[in-house]
Amino acid sequence: MAAGPRVLNVNVGVLGHIDSGKTALARALSTTGSTAAFDRAPQSRARGITLDLGFSCLRTALPPQLGPGPGELQFTLVDCPGHASLIRTIIGGAQIIDLMMLVIDVTKGMQTQSAECLVIGQIACQKMVVVLNKIDLLPEGKRQSAIEKMTKKMQKTLENTKFCGCPIVAVAAKPGGPEAPESENPLGVSELIEVLKSQAYLPSRDPSGHFLMAVDHCFSIKGQGTVMTGTILSGSVSLGDNVEIPALKVTKKVKSMQMFHTPVTYAMQGDRVGICVTQFDPKLLERGLICTPESLHTIHAAIISLKKIQYFRGALQTKAKFHITVGHETVMGRVMFFSPAPADFNEEVKENTFDFDKDYLYQEVYLSKDSNSSENKENDQAGEVQLPSQQWALLEFEKPVTCPKLCLVIGSKLDTDIHANTCRLAFHGVLLQGMEDKNYMETFLPKLKVYKLKHKEGQVERVMDDYSVIGRSLFKKETNIQIFVGLKVKLSTGEDGIIDGGFGQSGKFKIRIPDGLKPETKTLLTTASKKKSKAGKGDATKEDESSKNDSVQPVTISLMFKRYVFDTHKKMIQS
């Protein structure tokens, strides 16, 4: 790397509700802190290779906790724009946002999107600073008490999150609002810079693994080539390496690179860098990913492990559609939830792996304390609802997505009204297995052993002999009973039976009882049929009366089996 002062880059995501003053804050920070930041290299400015486009940065001396020796700390401020793209931007950059600033309008407090930003922060980020902005709007006499009140409120909100106890700083990024003259100095911004410095840490960066970079700007320079600037999400890149632009299906060689206006020969995860390659039309790649050739895969469906986001109201239903953000893309996708088979509910699951040899239980809804399936209600009365230690979903995308393996996935309902006071982020997870084959339904899904438990009930109509009975009401008239022959059933009186075949035309069937009927069952069934035939001889009113007095419980037949959702032969399986 080129010699010169050591520059440590820390990426700060600036998040907050629309109109909370994020952009004004980013501007105030970079101008207050930019004594050295911007026009360091006029010649590179003139040539148009600048790395802080769409981003802004602030440079300051390296604080002592980050190591001895001279050097500079650079904060790259990632100002995350309006909402729909907020999710895309942040999740795309989740791996490299080291510190998050949550900007709150002090006159309004937490708003819907502030809560969503908090959720994203918890998923994607380790450290946070809360900035109460627009304190200039509070009347001076009451300002201090209003700030204290809001600070207490925010501390309470953050109590049950991983950001409990994080610093809260009050500022006015642009006193007097957007119309005010530039001479108005921001309030509290230099204090905020000190807090950011105190929170800065040496991010753990890993140069190994495939190179992946999120490009946020692309332009061409005459006679040089096309420059892509962005942040390296994983791996590293050197001069002369080949990089793939998956969206354009082309591979290009790295001709030159710059970091902080300085030519370099190497860059790694977390670095902001400009990479120059041979000419292609920059309009084709405004934003996107570039990577080690062949390292990204394009998938049509995926298996993910997931957790519901606690602020999302309502159940997560199988077959529902969500906006799925994966890698740098957001597409519509349909979900199907499943959990371990009940016997394995409490088994600890190995992280980031999926076992195709196991059986999984299909779920109509994602199981959570508030999912109100009738089974859960029954268990609930008996005590605590049993929840599995891990659940999964099959995601089927409406159009294929290109993403790295094991990437973060977020499911949301972005079509919910932006003004509705509700969190639109529904679940987050990790992509464990992508399906690259377009015909994954035939080639891949049959390997996925998700089953439904089927339970059918019928009644014994009459006894044939000591070892067989006739049953009814288990099948519809048009059912092909042949496919059920050989399946085991249980009588409510305790005997085990086997379906032997159909009986007549109306959906009745014969059951063989290998160990024979118990004498008391036989008695029960013969009294019931005698009563019936007696009642049949009288008129209708007598029949009604006789059925009223008939305290004999019918003997029920219970058939239980498993059927795998993706089994093309629809086999019925009994353990």
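Select lysine 308 to begin: setting aside neighbours within four places in sequence, lysine 308 is in contact (heavy atoms within 4.5 Å) with Gly314, Ala315, Leu316, Tyr366, Ser368, Asp370, Ala426 and Phe427. The model is a predicted one, in which local features need pLDDT of at least 70 and side-chain atom pairs count only at pLDDT 80 or more, while totals for chains, interfaces and linings use all residues. Residues are numbered from 1 along each chain as its sequence is written, and side-chain values use heavy atoms, with hydrogens and water left out.

Lysine 308 belongs to strand β16 (residues 297–308); strands (E, at least two residues) and helices (H or I, at least four) are DSSP runs numbered from the N terminus. With a relative accessibility of 15%, lysine 308 counts as buried, a term for under 20% relative accessible area, with exposed meaning over 50% and partly exposed in between (1.4 Å probe, protein chains only). A polar atom of the lysine 308 side chain lies 2.7 Å from the backbone oxygen of glycine 314.

Next, select serine 295, in the loop between β15 (288–291) and β16. Serine 295 is buried, at a relative accessible area of 12%, and its side chain reaches the backbone oxygen of threonine 292 at 2.8 Å. Not counting residues up to four places away in sequence, serine 295 touches His210, Phe211 and Glu244.

Now turn to the aromatic rings. A search of the whole structure finds 15 aromatic pairs, where rings of Phe, Tyr and Trp (its six-membered ring) pair if their centres lie within 6.5 Å, with planes under 30 degrees apart counted as stacked, over 60 as edge-to-face and the rest as tilted. Phenylalanine 354 and tyrosine 360 form a stacked pair, 5.0 Å centre to centre with 20° between the planes, and both residues are buried. For the edge-to-face arrangement, select phenylalanine 484 and phenylalanine 561, whose ring centres are 6.3 Å apart and whose planes stand at 65°. Phenylalanine 484 lies in the loop between β24 (468–472) and β25 (488–491) and phenylalanine 561 in strand β28 (residues 556–564), so this pair ties together parts that are 77 residues apart in sequence. Phenylalanine 484 is buried at 5% relative accessible area, and phenylalanine 561 is buried at 3%. To see one aromatic cluster, select Phe338, Phe354, Phe356, Tyr360, Trp392 and Phe444 together.

Strand β24 pairs with β27 (at least two bridges found by DSSP) in the antiparallel sense over four bridges, and isoleucine 470 stands opposite lysine 510 of β27. Strand β26 (residues 496–503) also pairs with β27 in the antiparallel sense, over five bridges, with phenylalanine 503 as the bridge partner of lysine 508. These two strands, β26 and β27, form a hairpin with four residues between them, and glycine 504 in the turn has a positive phi of about 75°.

Finish at helix α5 (residues 140–158), where Arg143, Ile147, Met150, Thr151, Met154 and Leu158 are buried. What covers these buried residues of α5 includes β4 (99–105), α4 (112–124), β5 (127–133) and β6 (168–170).

How values were computed. A polar contact is a pair of N or O atoms within 3.5 Å; within protein, one must be able to donate a hydrogen and the other to accept it, and residues adjacent in sequence count only if both atoms are side-chain atoms.
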